[in-house]
Amino acid sequence: MALRNAVMAALLEGEASGYDLAKGFEASVANFWMATPQQLYRELERMEGEGLVSARVVQQERRPNKRLFSLTESGRRVLRAFVTEGPAKPLAIRDELMVKVQCVDIGDTDDIEAVRTAVAERVERSAAKLARYLRMRERMLAGRTEDEHLASADRIGPYLTLQGGIALERGNLQWGETVLKRLAQRVAVLDGPAAPAPAPAPTPAPAPTGEPTS
(Lines give C-alpha, C1' and ligand atoms only; values in the text may rest on other atoms or scores of the structure.)
Protein backbone atom coordinates (compact mmCIF):
# COMPACT_ATOMS: atom_id res chain seq x y z
CA MET A 1 0.00 0.00 0.00
CA ALA A 2 1.29 3.44 -0.91
CA LEU A 3 1.42 6.34 1.51
CA ARG A 4 -0.86 8.30 -0.82
CA ASN A 5 -3.74 5.92 -0.11
CA ALA A 6 -3.43 6.60 3.61
CA VAL A 7 -3.27 10.36 2.91
CA MET A 8 -6.39 10.23 0.75
CA ALA A 9 -8.16 8.15 3.39
CA ALA A 10 -7.34 10.85 5.96
CA LEU A 11 -8.67 13.56 3.61
CA LEU A 12 -12.06 11.84 3.57
CA GLU A 13 -12.56 13.69 6.86
CA GLY A 14 -12.36 17.00 4.97
CA GLU A 15 -9.72 19.42 3.77
CA ALA A 16 -6.62 19.76 5.89
CA SER A 17 -3.22 21.41 5.88
CA GLY A 18 -0.02 19.42 5.83
CA TYR A 19 0.39 20.22 9.52
CA ASP A 20 -3.14 18.97 10.26
CA LEU A 21 -2.45 15.75 8.38
CA ALA A 22 0.82 15.23 10.25
CA LYS A 23 -0.96 15.64 13.59
CA GLY A 24 -3.74 13.36 12.44
CA PHE A 25 -1.26 10.67 11.43
CA GLU A 26 0.40 10.97 14.82
CA ALA A 27 -2.90 10.63 16.69
CA SER A 28 -5.55 8.70 14.76
CA VAL A 29 -3.94 7.20 11.66
CA ALA A 30 -0.94 5.93 13.65
CA ASN A 31 -2.84 2.77 14.54
CA PHE A 32 -2.55 1.60 10.93
CA TRP A 33 0.02 3.75 9.10
CA MET A 34 3.15 5.61 10.16
CA ALA A 35 4.72 8.55 8.31
CA THR A 36 6.94 11.48 9.21
CA PRO A 37 5.82 15.06 8.47
CA GLN A 38 8.56 15.31 5.82
CA GLN A 39 7.22 12.22 4.05
CA LEU A 40 3.69 13.64 4.13
CA TYR A 41 4.71 17.01 2.70
CA ARG A 42 6.64 15.37 -0.14
CA GLU A 43 3.75 13.03 -0.91
CA LEU A 44 1.24 15.90 -0.94
CA GLU A 45 3.36 17.75 -3.51
CA ARG A 46 3.49 14.67 -5.74
CA MET A 47 -0.24 14.04 -5.35
CA GLU A 48 -1.06 17.66 -6.23
CA GLY A 49 1.09 17.34 -9.35
CA GLU A 50 -0.85 14.22 -10.35
CA GLY A 51 -4.21 15.84 -9.71
CA LEU A 52 -5.17 13.58 -6.82
CA VAL A 53 -5.51 16.49 -4.41
CA SER A 54 -6.06 20.21 -4.85
CA ALA A 55 -4.87 23.00 -2.59
CA ARG A 56 -6.14 26.45 -1.71
CA VAL A 57 -4.21 29.13 0.11
CA VAL A 58 -5.68 30.59 3.29
CA GLN A 59 -4.46 34.06 4.23
CA GLN A 60 -3.51 34.40 7.89
CA GLU A 61 -2.65 37.45 9.93
CA ARG A 62 0.54 37.34 12.00
CA ARG A 63 1.25 33.83 10.74
CA PRO A 64 2.39 32.41 7.41
CA ASN A 65 -0.34 31.58 4.95
CA LYS A 66 -1.31 27.93 4.88
CA ARG A 67 -2.43 25.57 2.15
CA LEU A 68 -5.46 23.39 2.68
CA PHE A 69 -5.61 20.16 0.70
CA SER A 70 -8.72 18.29 -0.39
CA LEU A 71 -9.45 15.24 -2.49
CA THR A 72 -10.23 15.75 -6.16
CA GLU A 73 -12.65 13.55 -8.10
CA SER A 74 -9.63 11.88 -9.64
CA GLY A 75 -8.31 11.18 -6.15
CA ARG A 76 -11.62 9.65 -5.13
CA ARG A 77 -11.58 7.37 -8.16
CA VAL A 78 -8.05 6.22 -7.36
CA LEU A 79 -9.01 5.61 -3.74
CA ARG A 80 -12.10 3.63 -4.74
CA ALA A 81 -9.99 1.54 -7.11
CA PHE A 82 -7.62 0.81 -4.22
CA VAL A 83 -10.51 -0.26 -1.97
CA THR A 84 -11.87 -2.70 -4.55
CA GLU A 85 -8.65 -3.98 -6.10
CA GLY A 86 -8.63 -7.29 -4.26
CA PRO A 87 -7.29 -8.86 -1.07
CA ALA A 88 -4.95 -6.74 1.03
CA LYS A 89 -1.39 -7.91 1.41
CA PRO A 90 -0.70 -9.92 4.58
CA LEU A 91 0.66 -7.93 7.50
CA ALA A 92 4.45 -7.90 7.46
CA ILE A 93 6.04 -7.57 10.89
CA ARG A 94 9.55 -6.25 11.40
CA ASP A 95 9.89 -5.76 15.14
CA GLU A 96 13.35 -5.10 16.56
CA LEU A 97 12.12 -5.80 20.08
CA MET A 98 10.97 -9.30 19.09
CA VAL A 99 14.48 -10.03 17.79
CA LYS A 100 15.92 -8.97 21.15
CA VAL A 101 13.44 -11.18 23.02
CA GLN A 102 14.32 -14.07 20.70
CA CYS A 103 18.00 -13.66 21.69
CA VAL A 104 17.41 -13.09 25.40
CA ASP A 105 19.21 -16.32 26.38
CA ILE A 106 22.45 -15.45 24.58
CA GLY A 107 24.30 -14.14 27.62
CA ASP A 108 23.93 -13.62 31.34
CA THR A 109 21.43 -11.83 33.55
CA ASP A 110 22.72 -8.44 32.40
CA ASP A 111 21.46 -9.25 28.90
CA ILE A 112 18.10 -10.32 30.28
CA GLU A 113 17.84 -7.09 32.25
CA ALA A 114 18.57 -5.08 29.08
CA VAL A 115 15.74 -6.85 27.29
CA ARG A 116 13.45 -6.33 30.28
CA THR A 117 14.15 -2.59 30.08
CA ALA A 118 13.27 -2.55 26.37
CA VAL A 119 10.04 -4.48 26.97
CA ALA A 120 9.10 -2.17 29.86
CA GLU A 121 9.53 0.83 27.54
CA ARG A 122 7.22 -0.83 25.00
CA VAL A 123 4.64 -1.45 27.72
CA GLU A 124 4.81 2.21 28.77
CA ARG A 125 4.34 3.46 25.20
CA SER A 126 1.48 1.05 24.57
CA ALA A 127 -0.27 2.15 27.76
CA ALA A 128 -0.01 5.79 26.68
CA LYS A 129 -1.30 5.02 23.17
CA LEU A 130 -4.16 2.94 24.55
CA ALA A 131 -5.20 5.78 26.88
CA ARG A 132 -5.14 8.20 23.92
CA TYR A 133 -7.20 5.84 21.75
CA LEU A 134 -9.77 5.35 24.50
CA ARG A 135 -10.14 9.13 24.84
CA MET A 136 -10.64 9.36 21.08
CA ARG A 137 -13.31 6.68 21.27
CA GLU A 138 -15.16 8.60 23.97
CA ARG A 139 -15.09 11.73 21.80
CA MET A 140 -16.39 9.78 18.81
CA LEU A 141 -19.21 8.21 20.78
CA ALA A 142 -20.16 11.53 22.42
CA GLY A 143 -22.34 9.82 25.02
CA ARG A 144 -23.86 7.30 22.60
CA THR A 145 -23.45 3.56 22.75
CA GLU A 146 -21.26 1.89 20.15
CA ASP A 147 -24.35 0.46 18.41
CA GLU A 148 -25.99 3.89 18.30
CA HIS A 149 -22.87 5.48 16.84
CA LEU A 150 -22.39 2.80 14.18
CA ALA A 151 -26.06 2.99 13.20
CA SER A 152 -26.17 6.78 12.80
CA ALA A 153 -22.66 8.04 11.97
CA ASP A 154 -21.96 9.37 8.48
CA ARG A 155 -18.75 7.33 8.39
CA ILE A 156 -17.95 4.26 10.47
CA GLY A 157 -14.46 3.54 9.07
CA PRO A 158 -12.58 5.78 11.52
CA TYR A 159 -14.28 4.10 14.48
CA LEU A 160 -13.55 0.60 13.20
CA THR A 161 -9.88 1.35 12.57
CA LEU A 162 -9.67 2.94 16.02
CA GLN A 163 -11.04 -0.28 17.49
CA GLY A 164 -8.25 -2.13 15.69
CA GLY A 165 -5.68 0.18 17.30
CA ILE A 166 -7.23 -0.37 20.73
CA ALA A 167 -7.12 -4.15 20.28
CA LEU A 168 -3.49 -3.97 19.13
CA GLU A 169 -2.30 -1.95 22.12
CA ARG A 170 -4.24 -4.11 24.56
CA GLY A 171 -2.50 -7.12 23.03
CA ASN A 172 0.87 -5.39 23.31
CA LEU A 173 0.23 -4.66 26.98
CA GLN A 174 -0.82 -8.22 27.76
CA TRP A 175 2.19 -9.66 25.94
CA GLY A 176 4.63 -7.17 27.48
CA GLU A 177 3.44 -7.72 31.02
CA THR A 178 3.68 -11.50 30.57
CA VAL A 179 7.23 -11.21 29.18
CA LEU A 180 8.33 -8.99 32.06
CA LYS A 181 6.99 -11.51 34.56
CA ARG A 182 8.71 -14.46 32.86
CA LEU A 183 12.02 -12.65 32.49
CA ALA A 184 11.97 -11.71 36.18
CA GLN A 185 11.44 -15.39 37.02
CA ARG A 186 14.30 -16.33 34.71
CA VAL A 187 16.67 -13.91 36.42
CA ALA A 188 15.69 -15.32 39.82
CA VAL A 189 16.43 -18.86 38.66
CA LEU A 190 19.79 -17.95 37.16
CA ASP A 191 20.88 -15.96 40.15
CA GLY A 192 19.74 -18.68 42.56
CA PRO A 193 19.66 -18.36 46.33
CA ALA A 194 22.67 -16.67 47.84
CA ALA A 195 25.18 -19.22 49.14
CA PRO A 196 25.55 -19.05 52.95
CA ALA A 197 28.81 -17.58 54.18
CA PRO A 198 31.25 -20.23 55.48
CA ALA A 199 31.32 -20.62 59.25
CA PRO A 200 34.40 -19.08 60.86
CA ALA A 201 37.09 -21.55 61.88
CA PRO A 202 37.14 -22.24 65.63
CA THR A 203 39.71 -20.26 67.58
CA PRO A 204 42.30 -22.59 69.14
CA ALA A 205 42.48 -22.59 72.93
CA PRO A 206 45.49 -20.68 74.31
CA ALA A 207 48.45 -22.83 75.43
CA PRO A 208 48.88 -23.04 79.27
CA THR A 209 51.53 -20.81 80.79
CA GLY A 210 53.60 -20.88 84.06
CA GLU A 211 55.08 -23.74 86.09
CA PRO A 212 52.86 -26.56 87.19
CA THR A 213 52.17 -26.65 90.95
CA SER A 214 53.12 -29.70 93.08
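**Exercise 1.** Work out how the axes of helix α1 and helix α3 are arranged, and which residues make the contact.

*Solution.* Start with the axes, which are lines fitted to C-alpha atoms over the stretch in contact, with angles from 0 to 180 degrees between N-to-C directions. In this predicted model, the axes of α1 (residues 3–11) and α3 (residues 37–49) come within 10 Å and cross at roughly 85°. That makes α1 roughly perpendicular to α3 (65 to 115 degrees counts as such). Next, list the contact (heavy atoms within 4.5 Å): α1 brings Leu 3, Arg 4, Val 7 and Met 8, while α3 brings residues including Gln 39, Leu 40 and Glu 43.

A quick note on the ground rules: residues are numbered from 1 along each chain as its sequence is written. Local features need pLDDT of at least 70, side-chain atom pairs count only at pLDDT 80 or more, and side-chain values use heavy atoms, leaving out hydrogens and water.

**Exercise 2.** Find which residues touch the most other members of the largest nonpolar core.

*Solution.* Such a core is a set of buried (under 20% relative accessible area, 1.4 Å probe, protein chains only) Ala, Val, Leu, Ile, Met, Phe, Trp, Tyr and Cys residues joined through side-chain atoms within 4.5 Å. Of its 19 residues, Val 7, Leu 11, Leu 21 and Phe 25 touch the most other members. Then look at who contributes: α1 gives the most, with six residues.

How values were computed: Helix = DSSP H or I, 4+ residues; strand = E, 2+ residues; numbered from the N terminus. Parallel < 35°, antiparallel > 145°, perpendicular 65-115°, else oblique. Buried < 20%, exposed > 50% of the residue type's maximum accessible area, 1.4 Å probe, protein only.
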